[in-house]
Amino acid sequence: MKSYKVVEFGQPLQRIEETNPAPKGTEVLVRITAAGVCHSDVHLWEGFFDMGGGNKYSTAKTMNPPRTMGHEIVGEVVAVGPESKGAKVGDKAVVYPWIGCGKCWYCEHGTENLCPTPHALGVNEDGGFADHVLVPHAKYLYPYGNLPVELACLYACSGITAFGAVKKAQGHDAGRPILVIGAGGVGLMGVRFAKAVLGREPIVADIDENKRKLALANGASAVVDPRDKEARKEIMALTGGVGVAAAIDFVGAESSAQFGWRALGRGGRLIVVGLFGGTFSTPMPMFAFTGNQIMGSVTGTPAEMKEMMDLVTAGKAEPVPVIKRKLDEADATLQELRKGLIMGRAVLVP
């Protein structure tokens, strides 16, 4: 078994070769056919998240290196444990990586993605920057139909993250436009799902001209540069003067969140997804004056994963641009993503 692990934070991924793990109990061994490289992998590799004000949240205990990152995984079942049910050798599936402890209130109520003691693949447990991965139960495997493997793997994180965020705008938007902030890989997924779930194309904001063009090519109704001092006026003009019903921030920086907050109409909802870092502040009376809300969104539930996979396998959501790389290019690809050089989504193929 070949894998590329974080051995020391901030240092190149190390190639490790070891014996294939043998599945025990309900476990399933999956031969990986593709694995996405996600922007959160950059933060995990660095070893911290920026909490603003010079404060950092260390991932040392969470990751406990050496650790194989990669949480966007698709593959084929090659072995099953003696107590495994629901999977057989030869099954092809996307792996849901946001696995919880299975015992807490969140896990028992269908929200494993919120489990306070998670066992997420590629984060707490070894993941997809490898040619095999051990999955604790067959219930985390989702068929992907006729989708290409390099696209299918993306639905395990960028897909379910964008889908879960867009779902939080559903029923709240009342037919009004929404704003997607950030046209990177996850943001483009958000653009696609906005059309599929809400029935209309969103406005997209991004500071990168090339990414704005890419957003238009992938279904945005209009694009704005949030650095432009006239950007808020543009959004007001595009919404008939009332502002957007929801703003989904796929960047998660202070500047992006503030832009989304100012773009909201009364009773609007700011949904923060991105992990760029920093702090956010606003006068407390503004919540009461405007009726606006701020909420976070982290990946999605197993039920949302099934709903999304049913949607995409039925051809009801258009694919996003994908860049294929060899597994041996894992570290180089991660560094390109860190520098903002990847347009669309990068996928490693063993």
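Two strands pair if DSSP finds at least two bridges between them. Keep that in mind as you open this predicted model, and let us start the tour with a bridge.

**Stop 1: a pair of strands**

Select Leu179, then look across to strand 12: the bridge partner of Leu179 there is Ile203. Now widen your selection to residues 178-181, which form strand 11, and residues 203-205, which form strand 12. These strands run parallel and are joined by three bridges. Strands of a sheet pair through backbone hydrogen bonds, either parallel or antiparallel.

**Stop 2**

**Stop 2: a buried threonine**

From strand 16, follow the chain towards helix 11 and pick Thr301 in the loop between them. Is Thr301 buried or exposed? Thr301 has a relative accessible area of 14%, and residues under 20% count as buried, so Thr301 is buried. Show the side chains around Thr301 as well: leaving aside residues up to four places away in sequence, Thr301 touches Tyr96, Gly110, Thr111, Asn113 and Ile160.

**Stop 3: helix 5 and helix 11**

Ile160 also takes part in the contact between helix 5 and helix 11. Select residues 158-167 for helix 5 and 302-313 for helix 11. Their axes come within 10 Å and cross at roughly 105°. Angles of 65 to 115 degrees count as roughly perpendicular, so helix 5 is roughly perpendicular to helix 11. On the helix 5 side, colour Gly159, Ile160, Phe163, Gly164 and Lys167; they meet Glu304, Met305, Glu307, Met308 and Leu311 in helix 11. By class, this contact of helix 5 with helix 11 has five nonpolar, two polar and three charged residues.

**Stop 4: helix 1 and helix 12**

Select residues 39-46 for helix 1 and 330-338 for helix 12, whose axes come within 9 Å and cross at roughly 105°. That angle makes helix 1 roughly perpendicular to helix 12. From helix 1, His39, Asp41, Val42, Trp45 and Glu46 meet Asp331, Leu334, Gln335, Leu337 and Arg338 in helix 12. The contact of helix 1 with helix 12 has four nonpolar, two polar and four charged residues.

**Stop 5: a covered helix**

Now select residues 254-263, helix 9. How many of its ten residues are buried? Seven are, so helix 9 is mostly covered. The buried residues are Ser256, Ala257, Gln258, Phe259, Gly260, Trp261 and Ala263.

**Last stop: the whole chain**

Finally, clear your selection and show everything. The protein chain has twelve helices and 18 strands, and its C-alpha atoms fill a box of roughly 60 × 40 × 40 Å along the principal axes. Of its 350 residues, 53% count as buried. The radius of gyration of the protein chain is 20 Å, which agrees with the value near 20 Å for a compact globule with 350 residues. Among contacts between residues at least 6 apart in sequence, 70% join residues at least 24 apart.

Conventions: Residues numbered from 1 in each chain as written. Predicted model: local features only at pLDDT ≥ 70, side-chain atom pairs only at ≥ 80, totals over all residues. Heavy atoms only, no water. Helix = DSSP H or I, 4+ residues; strand = E, 2+ residues; numbered from the N terminus. Axes fitted to C-alpha atoms, helices over the stretch in contact; angles between N-to-C directions. Parallel < 35°, antiparallel > 145°, perpendicular 65-115°, else oblique. Contact = heavy atoms within 4.5 Å. Nonpolar A, V, L, I, M, F, W, Y, C, P; charged D, E, K, R; others polar. Buried < 20%, exposed > 50% of the residue type's maximum accessible area, 1.4 Å probe, protein only. Rg over C-alpha atoms; globule rule 2.2 N^0.38 Å.
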